[in-house]
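Subject: Structure handover

Hello,

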Amino acid sequence: MNAPTTLKELLPAQGDARPGAQGRGLTHESAVLHVTGEAVYTDDLPELRGTLYAALVLSPVAHGELIGEGIDRQALLAEHGVVAVFTARDIPGENNCGPIVHDDPFLAAGKVEFLGQAVAVVVARDMLYAREAAKKAKVQVKELPAILTIDEAMAQGSFVMPPKGITRGDADAAIAAAPHRLQGRTHCGQQEQFYLEGQITYAVPREDGQLTLYVSTQHPDGNQREAAAALNLSTKDVEVICRRMGGGFGGKEGNASIFSQSAALAAFKLKRPVKLRVNRDDDMMITGKRHDFRLDYEVGFDDAGRILGVDFVLASRCGYSTDFSGPVNDRAVLHIDNLYHLPNLKIVSHRCKTNMQSATAFRGFGGPQGMFGIETVIEQIANRLGKDPLDVRLANLYRDPAASGDPGSMTTQYGQVIEDWIGDKLMAQLEAESGYRARREAVKAFNARHTYRKRGLALVPLKFGISFTATMLNQGAALVNIYQDGSVSVNHGGTEMGQGLNTKMAQVAADGLGIPVSLVRVTATDTQKVPNASATAASSGADINGAAINNACDQLRERLSAVVARMLGCPAADVVFQGGQALGGGKAVTWQALIKQAWLDRVGLGVTGFYMTPDIAYDFQTLKGRAFYYFCYGAAVSEMEIDTLTGEWWLKAVDIVHDVGRSINPAIDRGQVEGAYIQGMGWLTMEECIWDKKGKLLTHGPSTYKIPVAGDVPEHFKVSLFDGQNVKPTPYRSKAVGEPPLMLALSAYFALRDAAAATAGAEQVLSMDAPATPERILLAVEQLRAARA
């Protein structure tokens with residue numbers, strides 16, 4: 001038997017019952033620590049003697065010119081307990097926290113561009129003293145007119161970057177010739193990440209001008225490079241460590257640098273440890289949200305509801321700097337097809353500059369907004385034709401060219417051929433498992449019996465592409481060390497934010513070496529162990545880091561096979577690692593004995609593995625090419641009930657079928673699916689950012705910003721994992737599960753829309769923006785009633 005030396009050879013065949021860690025629903029590696037309170041987060045780290053505490057002075061206006069450096073430094077230094085104050089003038093290097101374009105200072109310089117922008121860092125002997133002094137500070141600023149909304153930005157031509165778009169076929173001609181036409185406008189709102197652990201950095205000076213930053217971050221490499229640039233240090237002199245986060249959801253991908261650099265500046269200048277932990281209100285005032293979108297559309301369709309041509313104009317509110325707005329808006333364009341072949345399509349995407357926090361990464365990264373657009377069009381078509389929206393969806397699905405006769409019917413608008421299509425099968429499974437057709441009739445019967453209570457039902461699918469659209473980010477590395485007792489430490493470039501990444505990586509390493517997962521410890525992400533790591537984002541953490549771990553394990557097995565061959569007297573090619581043993585020539589040696597002998601033989605037991613995602617060829621300027629390595633699929637049926645007199649709603653039932661390939665850990669994947677659905681439901685039904693006319697965020701805490709709670713989860717919440725495997729050789733043939741399930745919640749919004757539409761009967765086109773709050777539901781119902789009257 002040949003020793004497995006490649007990732008492909010390590011993958012068991014479908015249905016293979018070979019014992020191993022992968023494919024088992026193992027408990028999250030920190031579960032016990034979480035529930036006992038022993039899990040250590042950044043704020044739990046023991047503080048060194050002499051630690052100081054920082055707070056930020058924030059701009060009170062949305063747009064203005066700073067007078068001088070914007071503060072009265074002496075007045076602040078006179079406040080009780082304050083030991084130092086720093087502004088942009090004190091930064092020895094680059095003043096930037098922009099992750100792509102360097103247009104985003106971490107401390108305002110010369111001007112302020114949103115209400116809540118950091119102007120100064122106040123450092124005191126106690127956190128309370130620092131916060132009190134920062135709140136008392138009067139920012140010296142000359143207020144200027146501010147642009148706050150998408151409509152204002154569009155009218156004034158205010159953009160963070162030029163528009164982009166895609167054209168396929170002739171949308172104008174197809175719409176003009178279509179038997180039916182519709183046009184409209186809809187909006188989907190912002191969303192606060194609302195991670196349980198707020199933004200925090202503990203900056204510790206080391207010898208010879210070095211710094212260690214303990215940061216709650218999704219991108220330690222970014223924090224490292226930006227802090228080094230700000231302080232005129234080389235990257236090797238700054239270490240960033242993150243053991244775990246209490247949630248991230250994209251909000252700690254770029255925004256964490258605002259806080260890590262502020263703390264680093266203070267620690268570097270004072271040569272003392274400095275902790276910066278913002279409270280919830282300041283966190284929400286400073287950091288970016290999900291991009292809200294205005295979507296205009298015109299569509300032409302036939303009697304069956306097939307889309308013949310569609311024209312979209314997208315405009316998003318990006319805030320005052322570029323941040324991640326480029327790729328977020330690009331992904332909205334790339335995902336506007338969802339599961340549907342759009343033969344004639346025109347899209348223009350505008351990226352609006354406004355005097356608000358820079359909108360940033362959020363789970364889904366533009367995909368949810370694009371899908372919201374096409375699914376709104378599908379629903380409007382169904383209303384106009386008096387059809388079940390599911391039938392319109394099925395009529396528009398991508399199809400095999402051999403069956404459709406159209407060579408482009410399995411090719412996206414950006415030119416990528418879909419190689420792993422299972423959308424129709426997955427939808428058929430959900431339709432059957434959920435009893436959709438019978439429930440549709442039951443909903444109709446309920447609505448006929450009730451005047452003021454109405455129910456709605458929606459089955460909405462998703463197709464989500466997996467890869468960074470910035471090709472160079474599709475790489476990862478891992479360090480795997482084996483100790484003399486046979487235990488193994490793994491360090492990789494991904495970060496653990498509660499999603500179970502480290503649990504999966506331990507399983508991958510265990511199977512890669514053929515040992516029990518109990519022997520594996522995944523250690524804190526550390527830029528001095530694995531350098532140049534991409535952010536844990538784009539749902540690629542398990543794929544990239546798992547493949548890098550497999551590469552390291554491949555190298556270690558090759559080294560150890562020679563040792564086994566000598567111990568057992570068999571060819572190295574016959575050695576197999578399995579079940580905590582090495583097998584060969586009909587004999588076996590325990591893992592521990594093998595490792596001891598390998599050390600005695602002076603065989604290296606530490607290896608760095610590397611992986612780069614293949615087959616990516618995408619031009620982000622033209623939005624054309626192979627943007628994604630593969631696609632994830634899913635679908636959900638949601639049933640909602642509304643009170644037409646108050647707009648209140650109740651989620652009655654959820655049925656989901658979701659594609660995770662062959663799951664590395666089904667328990668963790670189910671948890672991700674459930675959590676993503678609820679978070680997406682929050683975005684689409686209740687989470688609303690409200691601003692005053694001066695650009696102040698009014699919903700900046702849990703008392704005013706409503707997120708879903710346990711009572712919003714229905715008793716009937718069924719999740720089935722689609723039985724399949726990735727066509728690409730990912731670890732264990734698994735698929736990403738971080739972002740895709742969020743789009744399942746589109747079914748909750750469209751079920752609410754269906755319930756509201758039931759108040760007016762068929763062929764009434766309903767307008768209702770997201771989030772579908774009780775106020776918006778009530779307004780939509782009243783508008784339908786008025787139109788019918």
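The lining of the second largest pocket consists of 10 nonpolar, four polar and nine charged residues (nonpolar: Ala, Val, Leu, Ile, Met, Phe, Trp, Tyr, Cys and Pro; charged: Asp, Glu, Lys and Arg; polar: the others, Gly among them). This is a predicted model, where local features need pLDDT of at least 70 and side-chain atom pairs pLDDT 80 or more, while totals for chains, interfaces and linings use all residues. Residues are numbered from 1 along each chain as its sequence is written, and side-chain values use heavy atoms, without hydrogens and water.

The second largest pocket holds about 520 Å³ of space. Of its 23 lining residues, His187, Asp292, Arg317, Cys689 and Arg776 lie nearest the centre. Two or more lining residues come from each of α5 (150-156) and β8 (180-188). On a 1 Å grid over the protein atoms alone, a pocket is an open set of points with protein on both sides within 12 Å along at least five of seven lines, a cavity is a set where a 1.4 Å probe fits but cannot get out, and lining residues have an atom within 4 Å of a point. Volume is the space filled by probe spheres set on the points, which are joined across faces, edges and corners.

There are seven cavities of 30 Å³ or more. The largest cavity has about 130 Å³ of space, and the closest to its centre among 18 lining residues are Asp104, Phe114, Ile258, Ile286 and Tyr320.

Phe631 is buried, at 2% relative accessible area (buried is under 20%, with a 1.4 Å probe and protein chains only).

Regards

Conventions: Buried means under 20% relative accessible area, exposed over 50%, partly exposed in between (1.4 Å probe, protein chains only). Helices (H or I, at least four residues) and strands (E, at least two) are DSSP runs, numbered from the N terminus.
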